[in-house]
There are 2 protein chains.
Amino acid sequence: MLDGVGDRPSKVLNGLTPLQAARIPFINGLARAGMNGVIDPVAPGVPVGSDTGHLSILGYDPYKYYPGRGPFEAIGAGVRLRAGDVAFRCNFASVDDNDVVVDRRAGRIGSQEAGQLVESLSEVKEIDGVEVMIKHTVEHRSVLVLRGEVSDRVSDIDPHKDNLPVAWARPLDESREAKRTAEVLNKLLKRYREILESHPVNLRRRGQGLAVANMVLPRGAGRMPNLPSLDSKYHLKAAVIAGAALYKGVCNTVGMEIVEAPGATGTLSTDLNSKFKTAFDALRSYDFIFLHIKGTDTAAHDKDPLTKAQFLEKIDTAFSDNFDPPSEEFIVCITGDHTTSSLTGEHRGDPVPVLISGYGVRVDHVSRFNEVDSAQGAMGRLRGTDLMSVLMDLANKTEKFGE
Amino acid sequence: MLDGVGDRPSKVLNGLTPLQAARIPFINGLARAGMNGVIDPVAPGVPVGSDTGHLSILGYDPYKYYPGRGPFEAIGAGVRLRAGDVAFRCNFASVDDNDVVVDRRAGRIGSQEAGQLVESLSEVKEIDGVEVMIKHTVEHRSVLVLRGEVSDRVSDIDPHKDNLPVAWARPLDESREAKRTAEVLNKLLKRYREILESHPVNLRRRGQGLAVANMVLPRGAGRMPNLPSLDSKYHLKAAVIAGAALYKGVCNTVGMEIVEAPGATGTLSTDLNSKFKTAFDALRSYDFIFLHIKGTDTAAHDKDPLTKAQFLEKIDTAFSDNFDPPSEEFIVCITGDHTTSSLTGEHRGDPVPVLISGYGVRVDHVSRFNEVDSAQGAMGRLRGTDLMSVLMDLANKTEKFGE
């Protein structure tokens, strides 16, 4: 999985995309030996996030299963969410004595101080039988997870603008769980407030005339859905290798074990040799390895198509150098979760190329892996949610519909 | 938008389609510089009308949004329909003293006389608080529009056969609006009857022994749906340039302004130079111009593939002569709303070619724009409803789903 691998042509690359411009003989060889196509992660012209894109390409329709930002932010922070958990994104904020939010970002408090505050808050483990987890992410941001008989039908506590009062949580439906969640949340935030008011970090900030971080403002409640596991769908022992927590988390949520590759960072300077070597080693113990490489997306977000092309060449070399299939019955698939345009630095809705190569896979006339050549392959244009079925069927792991 | 541009091969063109046979170097150059594909306006093998085809290609699923013939006939007659308006197609008919329809088309009364009759009928502006509009179209046909608290759940007044009694309107559901609409409609038609019986046109016809047009028979009630505007979907300032009222009307209904091109007639003798020049001028003031050209469809309805090919060559020349993009970040799309077969003169369900060319658009290996070459392009085969998303995404105007 080459994150954000699809792109648009750019002048820097003489009107080519990074994939078209890169020298990737090994990957092109796989394209030549297999079948090719393009994938709309969700639908033509619909730009997706890494979260919705991954859900879809793992076979889970995000229009049905995507629980919103909160849960995926928590997964990205390394929280192992369970089905039913309700997660929120949170800001540290400054509030005055009348509960009016005077600064939604607490003077953009730095990661170090915010981390210390969250560490103290995380001592609150439970409110009225509901399990509580809070985890710092970056700067004034953190994630809050409630586990138990809770609901995501609660209003945002964040008023979304400065100089408005704290919007204490209200239930958004008539259910017992929503009412209870709002009560627990309000009680928890008052507890947090007490801890924060007297916290050494805030005493120091107050002394220095800085905005204090004396309130936590949750928003975007989302409930983690019950995703049927890959194992239940395909009887598959699967694992994920990735640098960034989000991808490990999503894959773990659908039942993959996490295999750590030394030096995998989720950046352009990740240890690609380690990742490929770890992947091929793991194929001795698992049926399916999901190997995620983030740098392609990062370079495009930086509007740097040349670096994206060069990184693709490094991937090609590392893949080739470490290529070591565990058996003759090996199938490899290469694709992306979405297009990231090096022109704008944004995710866009263009389709991404896909290749599948190996045992029992049809061989078409395509000899290069990119946005244009792959589209002429025998796979045509597919939806993201179809890919896992196609792969599992090639591995003879699907069940017949009908007799 | 080249109306009915898709076609089937014919002997007259040595087994080629009009697009394959035409010399269209400019359009082929755009194909070569961009990406290509084919579109099923609604679904493979489903022939669509100009109304349903346009709705779909503008991004509105006609299975969800198409209100039937009445409203689109009214739009085609130049009535600016609002959401909620109920429209009917109508015939002038001859009825006897017992309300039996003796001629459903009033002796196929000519356009001139029928126009005079409708002019008198149009003086009735309101019945019981419901606003009434009637507009003549052609020969014995006109459209009737009711505006207010009305419903389209009313039965046809037209008995659909001669020698049956007038089928006075009945509500088709239990709603207050349906009951009221039936009452208003019956009251209105009796008013019309009075005006028609004593109208000079009918006195003259009676004197000449011709069938009198003493009744209006509405049918096909349809309620104009609330179509979310292009602006609300994509934050887009858009305009339409077209000869025929139907296309201006449909585009106006989804929020496009109407820009008039001098000499645009919606026929084979339209002023193509004026239309292209007006379009490129308008691109200085609008984000998106929808340019509609009708002649391709007309020639195919006349079963004249040679004229269709020649008209395509004229389009190519006019497009080339007036091509004047407003900026480097210009994107052009060429497609059709459906296939019109020059063999049968009918709309058919074959896919239509599509090309998109310009800033940030992938460049594939296709070098000709037609039903066969375009199908080998990087876009593959899309549904009509996907096209606007694809275009708006290429213009970076779509919103990300997920994070």
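These are my notebook entries on a predicted model with chains A and B.

**Entry 1: helix H2 of chain B**

I started with H2(B), residues 25–32. I looked up which of its residues are buried, and found Ile27(B), Asn28(B), Leu30(B) and Ala31(B). I then viewed the helix down its axis. The buried residues of H2(B) fall within an arc of 155 degrees, so they line one face of the helix. Next I asked myself what the buried residues of H2(B) pack against. I found strand E1 (35–40), helix H13 (305–322), strand E12 (331–334) and strand E15 (352–358), all in chain B.

**Entry 2: H2 and H13 in chain A**

I turned to chain A and took H2(A), residues 25–32, with H13(A), residues 305–322. Two packed helices are described by the angle between their axes and the distance between the axes. I noted an angle of about 70 degrees for H2(A) and H13(A), and axes 7 Å apart. That makes H2(A) roughly perpendicular to H13(A); the range for that term is 65 to 115 degrees.

Which residues meet here? From H2(A) I listed Pro25(A), Phe26(A) and Ile27(A). From H13(A) I listed Asp316(A), Phe319(A) and Ser320(A). I sorted the residues of this contact into four nonpolar, one polar and one charged.

**Entry 3: a sheet in chain B**

I traced an open sheet of three strands in chain B, in the order E10-E9-E11. Its pairing is parallel. E10(B), residues 257–258, and E11(B), residues 288–291, stand at the edges. Each has a single partner strand, so one side of each is left without a neighbour in the sheet.

I checked how E9(B), residues 238–241, is joined to E10(B), and found two bridges. Val240(B) stands opposite Ile258(B) in E10(B).

Then I looked for helices packed on the sheet. H10(B), residues 245–253, touches E9, E10 and E11 of chain B. The direction of H10(B) makes about 170 degrees with that of E9(B). H11(B), residues 272–282, also packs on the sheet, touching E9 and E11 of chain B. For H11(B) I again noted about 170 degrees to E9(B).

**Entry 4: where the chains meet**

How many residues does each chain give to the contact? I noted 33 from chain A and 21 from chain B. On the chain A side, I listed the elements that give two or more residues: helix H3 (50–57), helix H5 (69–76), strand E14 (347–348) and strand E16 (380–383). H3(A) gives the most to this side, with three residues.

Key. Residues are numbered from 1 along each chain as its sequence is written. Chains are lettered from A and ligands numbered from 1 in the order in which they are written. This is a predicted model: local features need pLDDT of at least 70, side-chain atom pairs count only at pLDDT 80 or more; totals for chains, interfaces and linings use all residues. A residue is buried if 20 or more other C-beta atoms lie within 10 Å of its own, exposed if 12 or fewer, and partly exposed in between; C-beta atoms are placed from the backbone. Helices (H or I, at least four residues) and strands (E, at least two) are DSSP runs, numbered from the N terminus. The arc is that of the directions from the helix axis to the C-beta atoms. Two residues are in contact if their C-beta atoms, placed from the backbone, lie within 7 Å. Two strands pair if DSSP finds at least two bridges between them. Axes are lines fitted to C-alpha atoms, for helices over the stretch in contact, and angles run from 0 to 180 degrees between N-to-C directions. Angles under 35 degrees count as roughly parallel, over 145 as roughly antiparallel, 65 to 115 as roughly perpendicular and the rest as oblique. Ala, Val, Leu, Ile, Met, Phe, Trp, Tyr, Cys and Pro count as nonpolar, Asp, Glu, Lys and Arg as charged, and the others, Gly among them, as polar.
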